[in-house]
Number of protein chains: 6
Amino acid sequence: MKLLLINPNTSTAMTQSIARAAQGVASPATEVMAVQPSFGPASIECQYDEAFAAAGVAEQVRLAQGWRPDAVVVACFGDPGLDAAREASGVPVIGVAEAAFHAATLIATRFSVVTTLTRTCITAERLLQRYGFERHCGGVHGTDIPVLDLEHVSDETVSRIEQAAREALSRDGSSAIVLGCAGMASLCTTLSARLQVPVIDGVSVAVKLAESLVALGLRTSPLGDYAPPPPKVYAGWASTLGW
Amino acid sequence: MKLLLINPNTSTAMTQSIARAAQGVASPATEVMAVQPSFGPASIECQYDEAFAAAGVAEQVRLAQGWRPDAVVVACFGDPGLDAAREASGVPVIGVAEAAFHAATLIATRFSVVTTLTRTCITAERLLQRYGFERHCGGVHGTDIPVLDLEHVSDETVSRIEQAAREALSRDGSSAIVLGCAGMASLCTTLSARLQVPVIDGVSVAVKLAESLVALGLRTSPLGDYAPPPPKVYAGWASTLGW
Amino acid sequence: MKLLLINPNTSTAMTQSIARAAQGVASPATEVMAVQPSFGPASIECQYDEAFAAAGVAEQVRLAQGWRPDAVVVACFGDPGLDAAREASGVPVIGVAEAAFHAATLIATRFSVVTTLTRTCITAERLLQRYGFERHCGGVHGTDIPVLDLEHVSDETVSRIEQAAREALSRDGSSAIVLGCAGMASLCTTLSARLQVPVIDGVSVAVKLAESLVALGLRTSPLGDYAPPPPKVYAGWASTLGW
Amino acid sequence: MKLLLINPNTSTAMTQSIARAAQGVASPATEVMAVQPSFGPASIECQYDEAFAAAGVAEQVRLAQGWRPDAVVVACFGDPGLDAAREASGVPVIGVAEAAFHAATLIATRFSVVTTLTRTCITAERLLQRYGFERHCGGVHGTDIPVLDLEHVSDETVSRIEQAAREALSRDGSSAIVLGCAGMASLCTTLSARLQVPVIDGVSVAVKLAESLVALGLRTSPLGDYAPPPPKVYAGWASTLGW
Amino acid sequence: MKLLLINPNTSTAMTQSIARAAQGVASPATEVMAVQPSFGPASIECQYDEAFAAAGVAEQVRLAQGWRPDAVVVACFGDPGLDAAREASGVPVIGVAEAAFHAATLIATRFSVVTTLTRTCITAERLLQRYGFERHCGGVHGTDIPVLDLEHVSDETVSRIEQAAREALSRDGSSAIVLGCAGMASLCTTLSARLQVPVIDGVSVAVKLAESLVALGLRTSPLGDYAPPPPKVYAGWASTLGW
Amino acid sequence: MKLLLINPNTSTAMTQSIARAAQGVASPATEVMAVQPSFGPASIECQYDEAFAAAGVAEQVRLAQGWRPDAVVVACFGDPGLDAAREASGVPVIGVAEAAFHAATLIATRFSVVTTLTRTCITAERLLQRYGFERHCGGVHGTDIPVLDLEHVSDETVSRIEQAAREALSRDGSSAIVLGCAGMASLCTTLSARLQVPVIDGVSVAVKLAESLVALGLRTSPLGDYAPPPPKVYAGWASTLGW
């Protein structure tokens with residue numbers, strides 16, 4: 001099975017770190033190809049950044065067509081370009097926020113999200129609403145840790161996230177933590193041991209969900225909203241990306 | 001990995017058929033133990049039946065404690081006893097309705113459910129509401145096929161289900177079908193080929209979700225609502241099942 | 001009028017105390033028969049307990065068929081087995097959580113629930129969602145008083161409940177209190193006098209709702225979801241309870 | 001017990017017919033005083049009419065203060081002036097739409113409303129949303145029968161309502177009918193016999209709910225939103241109605 | 001363009017102050033006629049008051065028919081009589097709460113409302129629910145400033161509102177303030193300067209929305225729920241107001 | 001006042017046609033600058049197209065900074081890049097779907113959307129959910145007219161849209177029509193005359209809303225979710241667009 005793992009930002013260090021997280025949980029039979037857009041923000045910390053990142057995800061799905069991936073994972077907690085990737089690939093496409101939320105509802109009645117910048121909470125809240133998990137999430141909590149600080153995580157950063165998680169569990173009455181940034185994947189084990197509740201990293205869940213759907217022969221529905229894009233002239237730098 | 005597969009009704013033929021469906025998709029490393037309650041209805045076609053079936057699921061989780069399962073699947077589309085099983089096992093517990101709904105939202109923007117008796121639609125509708133998928137489901141449709149007719153599926157039965165699915169796709173504007181009975185697991189491939197949209201059987205999805213959570217080290221949260229039951233005196237035939 | 005009052009747990013003391021509460025408000029013309037399941041937990045403090053209790057309610061409705069009750073009240077705040085009882089009896093069936101919520105919305109714009117173990121709040125929250133009262137309830141608050149401590153209520157217990165109610169009124173901005181356990185029925189007058197807001201015990205409301213529906217000739221709808229159970233073979237200890 | 005029954009329109013014939021319906025179900029110990037506003041529309045068929053009717057309900061509650069009612073029923077399906085009446089009376093106040101919806105959810109999983117003018121459906125839909133019953137109602141259906149035609153109901157009118165109810169049950173998948181006009185109270189028995197499902201008239205349910213709350217000692221909460229109106233200068237014809 | 005500006009209470013000082021606010025933002029081509037009901041409360045601080053005010057709005061729309069307004073603004077934060085005014089005028093009718101909410105959602109992801117009496121919050125909350133903005137509003141906060149104190153605003157009053165707004169922004173995580181009383185219109189600039197976030201007065205927004213709809217040729221739909229009232233006999237003091 | 005009007009697709013003919021629609025309703029004092037992205041799809045008919053268009057909107061807001069617009073309108077019915085534009089401009093930004101929905105709820109209790117390709121309905125449905133108008137919209141209806149056919153509208157195309165609108169009004173019980181494509185702006189008057197209900201084109205409403213907010217001194221909140229983007233390195237073709 002060939003898995004296309006897209007880091008929607010343009011930080012190569014982040015792409016590598018996410019790739020390690022994915023490979024750490026992937027089955028031996030899964031070949032992971034980790035890519036990042038050819039353009040756009042080094043990290044995604046606002047909706048302006050996200051607009052470029054979503055186009056970058058679409059670009060990478062288009063460019064990887066020749067590789068014929070069996071599934072795609074979009075590895076940024078805002079799930080940018082998820083629908084575009086589904087239309088353009090036809091195979092299962094899993095976003096890491098989506099994956100983490102799904103897993104959380106299977107093992108806890110209420111979960112909390114701990115993320116990076118407070119201003120990105122709105123994105124997670126809208127995804128929760130879209131996916132239907134708004135009633136299962138007790139709260140989305142910003143730590144105001146810059147995304148790129150997660151490339152090399154310090155002890156202090158871990159402690160800040162742990163502290164935010166403790167407060168969230170208590171205030172929200174929740175019993176599981178979702179890590180709200182693909183860059184936090186490596187902290188999962190440490191935090192879970194310290195907090196004694198499930199701590200969920202979306203990257204690893206997304207990989208297993210993708211493998212599961214492929215194993216079951218389930219693909220993105222070719223009917224309706226996710227049908228392949230209609231043929232279209234594309235202008236400018238994107239002129240080769242039209243359908 | 002040891003998977004406890006519980007058929008909540010007392011039809012041995014159904015237990016065997018569900019076990020086959022589960023084993024057909026399980027990893028080679030997964031040992032499946034299929035069980036059914038020691039009491040209760042031969043099939044679950046109303047909420048009276050379901051009340052006994054839920055207790056039967058709780059009983060089987062309790063009795064299987066010595067076997068130390070790594071995960072549990074509850075294989076009836078009403079997901080009876082799901083919460084009880086989570087408290088009593090501490091490991092991941094997946095219901096087949098839940099599993100099918102999760103998978104459907106990952107590959108289609110809207111799905112329809114085709115089930116057995118029309119009167120059981122209310123159960124699916126309440127589960128959709130509880131899980132948060134009420135906006136993703138275009139409709140739940142009864143075929144009024146008795147559950148036990150699914151032990152040996154006739155061509156006519158397949159055609160009725162196919163016809164109901166076609167109407168559902170068209171009327172609901174949906175693009176995937178969820179089969180609303182664990183007994184329909186064997187029809188998945190046939191129907192998917194005929195309808196040319198994803199057709200989802202919850203049993204097989206539940207097995208893969210259970211395997212995924214176990215692989216990721218995610219267990220039912222020990223904190224709060226799903227903590228082990230408090231110690232309690234149990235009376236009557238259930239006297240050995242108290243905590 | 002004959003009223004079947006089911007205590008879903010197997011504590012005889014609790015059954016008697018609930019019966020007293022019911023008889024205290026019932027019309028002289030109402031004959032109350034108080035029963036409890038022949039099996040299951042002495043108190044209901046988690047969803048594992050509740051799975052058995054729901055089957056116990058179904059059993060008692062079935063066994064009381066010969067008595068031909070005109071209405072049924074299910075006297076545990078989780079309303080276990082409510083739907084099963086409706087199918088199996090055909091007469092009006094009222095749960096005490098349901099009854100209390102209905103009454104609360106008629107006399108206050110927002111109410112709070114004060115209950116026993118914090119872990120049972122999830123059950124009340126799901127019922128609120130199912131019944132449609134999630135926007136009318138300001139919060140469900142656990143006191144972590146064990147249910148069986150309510151068999152003989154101490155002054156300290158009353159004070160703890162009073163204190164929790166005061167905090168709930170203030171934090172939730174609510175103006176009525178619903179007591180979240182059938183075992184709290186006897187505290188209603190005391191607490192109402194102390195708090196100077198309506199304090200609602202579901203047992204007494206359920207009795208009056210049941211009497212009202214009977215007086216109006218309204219019965220559980222025989223059409224659709226609550227039709228009598230389809231005939232079915234039942235196995236094991238429940239073999240005589242099939243339809 | 002003294003029950004103030006307010007017909008919010010100014011049709012004396014309608015007031016009398018509603019009074020008969022109320023007295024037909026009231027306990028012998030309940031004294032019913034039926035009143036109507038001193039001003040406003042002869043029937044309520046749009047929101048312009050309803051604005052005057054709500055003020056008329058407020059007027060009648062104010063004028064009846066000397067009589068010291070124990071409860072109030074507002075007998076128009078739009079529940080006009082319900083909140084005003086709660087503030088101004090302090091006793092339980094029940095609207096007939098509210099009452100009918102509550103009863104319907106106790107005996108059926110889904111109900112349909114059959115009402116008079118199609119343009120009034122929006123009022124019922126908003127009430128359903130406010131009370132929390134929007135998910136329990138399958139649909140609100142107009143018959144375009146003028147309200148005052150219900151003063152003397154012809155066979156043809158009954159047949160039109162019956163036909164609309166049959167279509168509603170089938171299209172909505174519902175199992176009980178709520179009559180969407182206080183003027184339809186007298187048709188309840190006939191329609192119920194013909195349709196073989198519960199048919200609910202809000203006037204009679206409201207009377208029993210009012211009696212029930214009074215029997216239980218439950219009054220409108222004096223705290224917060226329903227506290228008595230603050231003192232206020234009133235101008236014009238309403239100058240004596242200020243608090 | 002002729003704009004009918006209705007102050008639903010009977011305080012002439014308030015009518016004048018609202019008229020000044022409206023004229024301050026109206027286009028030179030807009031003629032504003034400010035009116036108030038001939039009856040009813042001097043200020044609107046509870047739902048009893050509001051019942052009379054809604055009828056007063058209906059009265060004023062009816063009486064102004066000869067003037068042939070092009071649009072109507074209802075200038076009380078509870079939007080009393082809004083629907084009645086739409087039916088009775090046929091032209092665009094804008095409520096000031098409605099207007100403020102619409103504007104707030106266009107410039108902020110979440111807003112808070114700061115209003116007068118705490119007991120009126122329920123009205124704003126119900127409007128938010130009706131208009132669909134319940135998820136965009138972080139909270140409605142009372143200051144318990146009497147409405148008529150706003151006729152001549154003291155420094156202390158401004159400070160209390162400012163303080164409430166600061167707390168609301170912080171607690172709700174919101175980024176804009178809606179002033180919850182038409183009488184607060186004059187404070188908008190001061191508060192906006194102090195708080196450094198958008199502060200929204202519904203009166204001025206309503207005027208611009210009304211002008212916009214008129215400029216676009218958009219009128220209240222003549223079809224369905226807002227069609228002109230059906231002809232009707234009106235009794236008592238309202239006898240000339242029937243249709 | 002300077003208004004930046006962004007056509008998110010790269011069809012110059014469409015940009016000109018939208019510019020004409022905007023200029024037709026803009027105040028004489030409003031200077032309209034109409035632009036389109038330097039890259040991307042000639043029309044937006046799926047979510048793959050939309051991913052590029054959203055980045056294109058962000059690009060154009062960034063490039064127009066020197067011009068210092070007072071407001072921005074995003075003229076594609078999917079409102080692509082709306083949040084990005086708010087962050088990047090700081091001034092009011094209005095999407096045409098958003099604008100049309102807002103206007104519709106001010107003049108009708110329920111509206112229907114008639115759009116181009118059926119597969120784009122999902123986008124409108126998600127916007128309705130996000131903005132809070134899901135309960136006000138009776139349905140979103142595709143006509144399967146390609147977007148670029150709207151550059152030169154034939155009589156047959158008008159008739160198809162009219163027919164779809166008539167069916168929508170009847171099936172949805174709605175009383176206003178929202179045109180679901182910026183390219184339909186020129187059809188508004190014709191359709192309104194034929195259908196005799198309000199027909200709403202988002203482009204013209206967006207222009208008036210933008211003018212209104214500017215006139216009132218209301219800008220996108222500088223606090224929180226819409227604060228200017230944090231400084232960031234951008235790679236590839238977008239290297240000059242970082243903050």
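Two residues count as being in contact when their C-beta atoms, placed from the backbone, lie within 7 Å. Everything shown here comes from a predicted model.

**View 1. Where chain F meets chain A.** By that contact criterion, 40 residues of chain F touch 40 residues of chain A. On the chain F side, at least two residues each come from β3 (40–41), α2 (47–63), α3 (82–89), α5 (121–131) and β10 (234–235). The top contributor is α2(F), which puts in eight residues. Sort the chain F side by residue type and you get 21 nonpolar, ten polar and nine charged.

**View 2. A strand pairing that crosses from chain A to chain F.** Zoom in on β3 of chain A, residues 40–41, and you'll find it joined to β10(F) by two bridges, with the two strands running antiparallel. Look for A:G40 here: its bridge partner in β10(F) is F:A235.

**View 3. Where chain C meets chain B.** Here 40 residues of chain C are in contact with 40 residues of chain B. The elements of chain C that each bring at least two residues to the side touching chain B are β3 (40–41), α2 (47–63), α3 (82–89), α5 (121–131) and β10 (234–235). Helix α2(C) takes the largest share, at eight residues. The breakdown of the chain C side is 21 nonpolar, ten polar and nine charged.

**View 4. A strand pairing that crosses from chain B to chain C.** Strand β3 of chain B (residues 40–41) lines up antiparallel with β10(C), and two bridges connect them.

**View 5. An open sheet inside chain E.** Four strands of chain E sit side by side in the order β7-β6-β8-β9, with parallel pairing. At the edges are β7 (137–142) and β9 (199–201), each of which pairs on one side only. From one strand to the next, the twist averages 25°.

View 6. Three bridges link β8 of chain E (residues 177–179) to β9(E), and the pairing is parallel. One residue pair to pick out is E:L179, whose bridge partner in β9(E) is E:D201. Helix α5 of chain E (residues 121–131) packs on the sheet, where α5 touches β6 (111–115) and β7 of chain E. The direction of α5 makes about 160° with that of β7(E).

Conventions. Residues numbered from 1 in each chain as written. Chains lettered and ligands numbered in written order. Predicted model: local features only at pLDDT ≥ 70, side-chain atom pairs only at ≥ 80, totals over all residues. Nonpolar A, V, L, I, M, F, W, Y, C, P; charged D, E, K, R; others polar. Pairing = 2+ DSSP bridges. Axes fitted to C-alpha atoms, helices over the stretch in contact; angles between N-to-C directions.
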